Amino acid sequence: RTRVLYLPNYYFSEHRYGSHNPRELHFSCFGSIRPLKNQLSQALAAIQYASTTDKKLFFHINVGRIEHGNNALKNIRAAFKELDTTKYELVEHRWMPHHEFLKVVRKMDLSMQVSFSETQNIVTCDAVSQGIPVVVSPEINWTSSLFHADPTSIPNMIKKIKRALFWKNIGIYL
């Protein structure tokens, strides 16, 4: 059985890796907010990873499309509300035109999509096209398995975050 990789969108790549502020980490978990997207677990993994560094975490999400109720967003907000704002910040973005969104994506140090339900995942395509390392679930099988994290394991997500940040451009190439 042979797999065919079909990516119907054309992406012009403007590689610019990350925030360029050595005292900050900008992680994104963009897309619609819904339970199977697993944003809360990804936020907790990002928080735990950032706690091992001497950098402030900015965790970026979209808040323009919330599906299946508001509990997922409430839980993410509640997690950050309890944290030291000098070390951890939740950044909420409204839905925006694609060209503006890509400008935001280019400022990230890492894009996370460790979902229970995503396969193609256009947000991951956007991140890779902009030269941003990704950590994803095994369901996004067009990416390297080196950056596939178990959606049920925060320690595994942290391990993959470390790997993706260490390998940066090599990981994007893979």
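Q: In what order do the elements of the protein run from the N terminus on?
A: The order is β-α-β-α-β-α-β-α-β-α. That gives five helices and five strands. Keep in mind that this is a predicted model.

Q: How much of the protein is buried?
A: Buried residues account for 49% of the 174 residues.

Q: And the contacts, what share join residues at least 24 apart?
A: Taking contacts between residues at least 6 apart in sequence, 69% join residues at least 24 apart.

Q: Switching to pockets. How much space lies in the largest pocket?
A: About 290 Å³.

Q: Which residues lie nearest its centre?
A: The largest pocket has 18 lining residues, and Gly 31, Ser 32, Trp 95, Ile 122 and Val 123 lie nearest the centre.

Q: Which element gives the most to that lining?
A: Helix α4, with three residues. Both α3 (98-105) and α4 (122-129) supply at least two residues each.

Q: What's the lining like by class?
A: Seven residues are nonpolar, five are polar and six are charged.

Q: Now aromatics. How many pairs does a search of the whole structure find?
A: Four aromatic pairs. In the pair of Phe 30 and Phe 101, the ring centres are 5.0 Å apart and the planes are at 70°. An angle over 60 degrees counts as edge-to-face, so the Phe 30 and Phe 101 pair is edge-to-face.

Q: Where do Phe 30 and Phe 101 lie?
A: Phe 30 is in the loop between β1 (24-28) and α1 (39-51), while Phe 101 is in helix α3.

Q: What about the rings of Phe 147 and Trp 167?
A: Their centres are 6.3 Å apart and their planes are at 75°, so this pair is edge-to-face.

Q: How do Phe 147 and Trp 167 count by relative accessibility?
A: Phe 147 is buried at 4%. Trp 167 is partly exposed at 30%.

Q: Staying with that loop between β5 and α5, where does Asn 141 lie?
A: Asn 141 is in that loop too. Asn 141 is partly exposed, with a relative accessible area of 43%.

Q: How far is Asn 141 from Thr 119 in space?
A: The C-alpha to C-alpha distance is 7.2 Å, with the two residues 22 apart in sequence.

Q: Last one, Lys 56. Which strand is it in?
A: Strand β2, which covers residues 56-62.

Q: Is Lys 56 buried or exposed?
A: Lys 56 has 19% relative accessibility. The cut-off for buried is under 20%, so Lys 56 counts as buried.

Q: What does the side chain of Lys 56 make a polar contact with?
A: With the side chain of Glu 89, at 3.1 Å.

Q: Which residues does Lys 56 touch, not counting those up to four places away in sequence?
A: Arg 23, Glu 24 and Leu 25 are among them, as are Thr 85, Thr 86, Lys 87, Tyr 88 and Glu 89.

Conventions
Residues are numbered from 1 along each chain as its sequence is written. This is a predicted model: local features need pLDDT of at least 70, side-chain atom pairs count only at pLDDT 80 or more; totals for chains, interfaces and linings use all residues. Side-chain values use heavy atoms; hydrogens and water are left out. On a 1 Å grid over the protein atoms alone, a cavity is a set of points where a 1.4 Å probe fits but cannot get out, and a pocket is an open set with protein on both sides within 12 Å along at least five of seven lines; lining residues have an atom within 4 Å of a point. Grid points are joined across faces, edges and corners, and a volume is the space filled by probe spheres set on the points. Helices (H or I, at least four residues) and strands (E, at least two) are DSSP runs, numbered from the N terminus. Ala, Val, Leu, Ile, Met, Phe, Trp, Tyr, Cys and Pro count as nonpolar, Asp, Glu, Lys and Arg as charged, and the others, Gly among them, as polar. Rings of Phe, Tyr and Trp (its six-membered ring) pair if their centres lie within 6.5 Å; planes under 30 degrees apart count as stacked, over 60 as edge-to-face and the rest as tilted. Buried means under 20% relative accessible area, exposed over 50%, partly exposed in between (1.4 Å probe, protein chains only). A polar contact is a pair of N or O atoms within 3.5 Å; within protein, one must be able to donate a hydrogen and the other to accept it, and residues adjacent in sequence count only if both atoms are side-chain atoms. Contact means heavy atoms within 4.5 Å.
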